Amino acid sequence: MDSLLYTLSETVHKQNYVIATYYTRLPREVDILKKAATLAVGQTIGTWIPIPGITEEIRERYMGKVVNVFDVPSLELATQITEDQREYLIQIAYPSVNFGTDLPLLITALLGNDASTSAQAKLLDIEFSEEFVRKFRGPQYGIKGIQNFAGINDRPILLNMIKPCTGLTPKEGARIFYETALGGADFIKDDELFGNPVYSRPEERVRAYREAAEAAYEKTGERVKYFVNITSGAGEIIDNVKRAEEAGADGLMINFAAMGYSVLKYVAEHTALPILGHSAGTGMCFEGTMNGMASPLAVGKLARLAGADIVMINTPYGGYPLLHQKYMQTVAQLTLPFYDIKPSMPSIGGGVHPGMVEKYIREVGKDVVLAAGGAVQGHPGGAAAGARAMRQAIEIVMSGLPFEKAAAEKDELRTALTQWNYIKS
């Protein structure tokens with residue numbers, strides 16, 4: 001067996017490689033070891049036919065290595081094979097020197113070339129070496145930093161996004177902002193669809209919303225933080241950052257699914273403001289069964305590595321058929337220890353209303369942002385009542401009191417639970 005092409009995981013872990021795990025399905029007659037070797041070569045130094053110029057030194061330094069091949073289910077005997085198709089997990093180690101800290105090249109190395117033209121394989125995970133991760137800063141704030149920024153560490157943070165999603169001038173948006181702030185929202189952000197239209201530039205919204213925040217503060221004593229959406233073309237992004245900073249923005253929101261992880265990383269390295277990373281559009285990365293990458297990787301690990309302090313994620317409870325397992329694994333990728341990279345705070349969106357607060361806190365814990373949109377703006381009593389209902393639900397759950405009994409004593413919460421057909425979780 002070619003010792004330059006195949007290796008044991010114990011050996012490669014001592015070197016500066018990243019290990020990619022793929023899922024693939026192939027006809028039973030295909031030699032999976034040869035297929036894995038072809039993928040390892042094709043993703044690094046070679047192509048589908050032998051080419052001149054590849055030296056042993058090039059093979060040793062720059063070629064991918066097959067680390068493991070697992071068949072699913074695990075079979076040992078030829079007589080156990082009963083299906084025409086077989087499923088495999090393949091692990092390939094890629095030399096980090098091939099892409100350095102360049103995230104677009106990393107993704108190209110793992111998902112381009114053969115993986116996008118002559119092989120059907122889904123990237124399930126990337127295992128990074130400590131040497132590789134050391135070159136990344138990751139989140140500037142992390143969970144504890146965001147909690148200190150908000151002045152909240154004993155309960156979930158309540159976030160609202162201005163609705164309707166688009167069409168509002170800064171003045172119109174400020175009116176909704178003010179009403180929402182009166183109800184007790186901690187953070188308010190733009191909808192991901194609302195970026196830099198001619199009728200509402202980001203810096204204009206920042207100035208208008210800051211005035212609304214100050215007006216609400218005079219009445220409530222709580223100062224709301226505003227995350228402005230600066231998602232735009234690569235040529236405008238830094239200008240958007242600077243204008244938002246100069247106007248007094250509290251935080252920035254970037255849709256990394258549309259702009260890319262490298263843009264998120266660049267902005268994170270060039271601002272002192274916290275960053276909320278939005279994942280709108282990542283479905284095109286992970287919904288395929290034989291291509292793309294798994295959702296915990298696309299929404300979790302890579303967004304964290306690139307520097308998002310807060311990451312907006314989806315749940316199985318808002319109409320999107322996301323598997324519960326993937327939801328929880330994404331939370332894990334954002335929050336569990338990852339060398340010296342700070343954890344990113346999950347921001348749960350989609351189907352968030354007061355009746356779901358108990359379930360979310362039980363499953364994810366208190367170190368989370370609850371992103372309620374329609375449940376706040378669509379409350380029969382208005383945005384202030386909607387935000388107040390969410391805060392009441394959070395306070396009851398954190399107090400440990402029986403939820404239904406305590407909720408019956410809160411007018412806004414009781415109305416919300418009736419409106420959204422609360423069922424005990």
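My entries on the sheet and its strands follow.

I'm working with a predicted model, where local features need pLDDT of at least 70 and side-chain atom pairs count only at pLDDT 80 or more, while totals for chains, interfaces and linings use all residues. Residues are numbered from 1 along each chain as its sequence is written, and side-chain values use heavy atoms, with hydrogens and water left out.

I looked up the strand order first. I got an open sheet of four strands, E2-E3-E1-E4, with antiparallel pairing. Strands here are DSSP runs (E, at least two residues) and helices are too (H or I, at least four), numbered from the N terminus; two strands pair if DSSP finds at least two bridges between them.

Next, the edges: I noted E2 (65-72) and E4 (122-127), each pairing on one side only.

Then I went through the pairs.
- E2 is joined to E3 (residues 85-95) by seven bridges, and I found Phe 70 opposite Leu 89 in E3.
- E1 and E3 pair over 11 bridges, antiparallel; Ala 20 sits opposite Ile 92 in E3.
- E1 and E4 are antiparallel with five bridges, and Ile 19 faces Glu 127 in E4.

Which strands does helix H4 touch? I have H4 (residues 103-111) packing on the sheet against E1 (17-27), E3 and E4, where contact means heavy atoms within 4.5 Å. The direction of H4 makes about 35° with that of E1; axes are lines fitted to C-alpha atoms, for helices over the stretch in contact, with angles from 0 to 180 degrees between N-to-C directions.
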